[in-house]
Amino acid sequence: MYYKTLRVSRLATLVCCIFTVFIHAEVKLPAIVSSNMVLQRNTTIKLWGWADANEHITITTSWLSDDLKVVANANGDWSVNAQTTGSKTTQTITIKSKNSNIKLHNIIFGEVWLCSGQSNMYQPMKGYNGQPTFDGPMAAAKANNPNLRLFTVEKTASKLPLNDVKDYKGWQQATPKCVLDFSAVAYFFGQQLQEILDVPVGLIHTSWGGSKVQAWISNDMLSKYETVDINNRDISKGAQGISTVLYNAMINPITNYTIKGALWYQGESNRNEPKHYEKVFPAMVEDWRNQWNIGDFPFYFVQIAPYIYTGNTSFNTYKNTAFMRESQLNCVNLIPNSGIAITMDVGSEHFIHPPHKKEVANRLLFNALNQTYGYKSIEYTTPIFDTQEAKDGGLLLKFKHAKQGLFTYDTLKGFEIAGEDKIFYPAEAVITNRKYIFVKNSNVQNPVAVRYAWKNWIQGTLFSTSLLPVSSFRTDTWDDATWVKN
C-alpha cells in the first residue's frame, strides 16, 4: 500500500510540474526577431511573439526613453509597435515577463530587403556543381562587414499557414564563410546598396529551386485565379510545385517583419503558361503587400534569361520562352511601384543558371537606387518598343526610354520581319539617328511586323547607352506566325 501511494504521489507531482511549466511558459520570439538583426530604419516596426495567455510583458529598448508594455491575448499571442531611428549605433532590446528575461544585442537600423524566387535566386556565391557564380569566391573573400546582415529561411512547406519559419542560423554578420552559402543575387545587391547608401543593410533570403509562382501565393488569393486543392497532396516530395505551401511556411511567418522592399527572380517553372503568369504573378505581389500591410513597397524582379530549353524550333508556341519574357515585361505595367532587370545578354545556352549574377544584381540595384532612393541620374529602364512606321521598303522602329539613344557592340542580330502572310524572315537591322532601328528584308515587300530575339536561346545585341539590354519583343500579336530559319 505504501509503494502504491508513493507511485501515485510521484505521478501527481510530475503532472503538477508539467502543468506548472505549461502555465508559466517563457516568452518565445520568432526566429527572425533575434540578436544581430537589422530593423528597418526611420519607420514603425513590430515586435511580436508568444507567451502565456494574458501574460504581462515589458520591452525595454536602448533607443526609446519609455518602456513598451503589452499583454498577451487569450491565445498567448502578443505584438507591439516601436518607432526606429536613423542611428548607426548598435542597439539592444530586453523583453521581460514574470518568467522571462530575454536580451537581444548587436541590433542595427538599416534597409531591409526580402529576396525570393527559385533556383536563380537561390544560387549561392560559391555556385552550384559545375555551374559557377562569376566573382562569387572573390567577393566572399572580401565579405567581412558588420553592417551587412543575412537571414536565410530554410526550405520547408506546409499545408496550413505557420507562425514561425524554420531557421538554424539566425541573423548573421557577413563573413566569407556565411556569404559563400548565401544567395549571390541578394548578396551582390545588398553589398553594393550598403556601400552606396553608407547605412546597414539586412537581407532576408527565402527561395526554393524549381518553385512555381503559385507555391508562393496564399490560398485566399490564389483561389481567385485557379482551383487550389492540396489536401491530398504529398508535400514531402516536390513541394516547390504545390500551390500555397511555400507561402504558408516561408512567407506567412515573416510578414510582421518590416521590410523596405522585395527582389524576385523566378519564372522558369511557369514558362509554359505566360498569359496565366500575367495574372498570378501580380496577384502574388498584391497578396504579399496585403499581408505586410505597409503599402505598395518596392518590388523589383528579374526577367528569365535566354536558355536553349527544348531548342529554338518553337517559334509560335509557349515552349518558346520569348512569350514568357514578354509577359514578365508586361507585368511592370501591371504591378505598381515595380521594375524589371533584363538579362538578354547574360544568359547561358546550356545552363539554366547563368553565372553572371552580379550583372543581374546591378540591374535590380539600378531600379532601387532610382525609384526607391532618389538617385534620379541612374538609368534603370531599358528601351522598350513603342511604335513602327513603313519606310523605304522596311520598318522604322521607335522606342520609349531611349533619350540617350541605342547601342550595339557590333552588328545587330536576332531581328526578323514579316508581311501580312505572317512568315518571318531574317532581317538586316541598323541603328539610325542613334535612337531608331531600321529593319528590312528584300523578300518582304510590304512588311507589317518585326520580332527581336524571339527564341529560347539567343545572345542579345541591342542596348541602351548605359548598356542595359533591350528585352526580346514583337510588334505583332499573332498566334499563328511561322518563320524561315536563318
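**Sheet, helix pair and a buried alanine**

Strand S14 and strand S15 (residues 394–400) run antiparallel, joined by seven bridges. Strands here are DSSP runs of E with at least two residues, helices are runs of H or I with at least four, and both are numbered from the N terminus. Two strands pair if DSSP finds at least two bridges between them. The model is predicted: local features need pLDDT of at least 70, side-chain atom pairs count only at pLDDT 80 or more, and totals for chains, interfaces and linings use all residues. Residues are numbered from 1 along each chain as its sequence is written, and side-chain values use heavy atoms, without hydrogens and water.

Look at one bridge. Lysine 391 has glycine 394 in S15 as its bridge partner.

Now the helices. H5 (residues 184–197) and H10 (residues 357–372) pack at about 45°, with axes 8 Å apart. Axes are lines fitted to C-alpha atoms, for helices over the stretch in contact, and angles run from 0 to 180 degrees between N-to-C directions. Contact means heavy atoms within 4.5 Å. Residues of H5 in contact with H10 include Phe188, Phe189 and Leu193.

Finally, alanine 72. It sits in the loop between S4 (68–71) and S5 (77–83). Alanine 72 counts as buried because its relative accessibility is 3% (buried is under 20% relative accessible area, exposed over 50%, partly exposed in between, with a 1.4 Å probe and protein chains only). Among the residues alanine 72 touches are Asp52, Glu55 and Trp78, not counting residues up to four places away in sequence.
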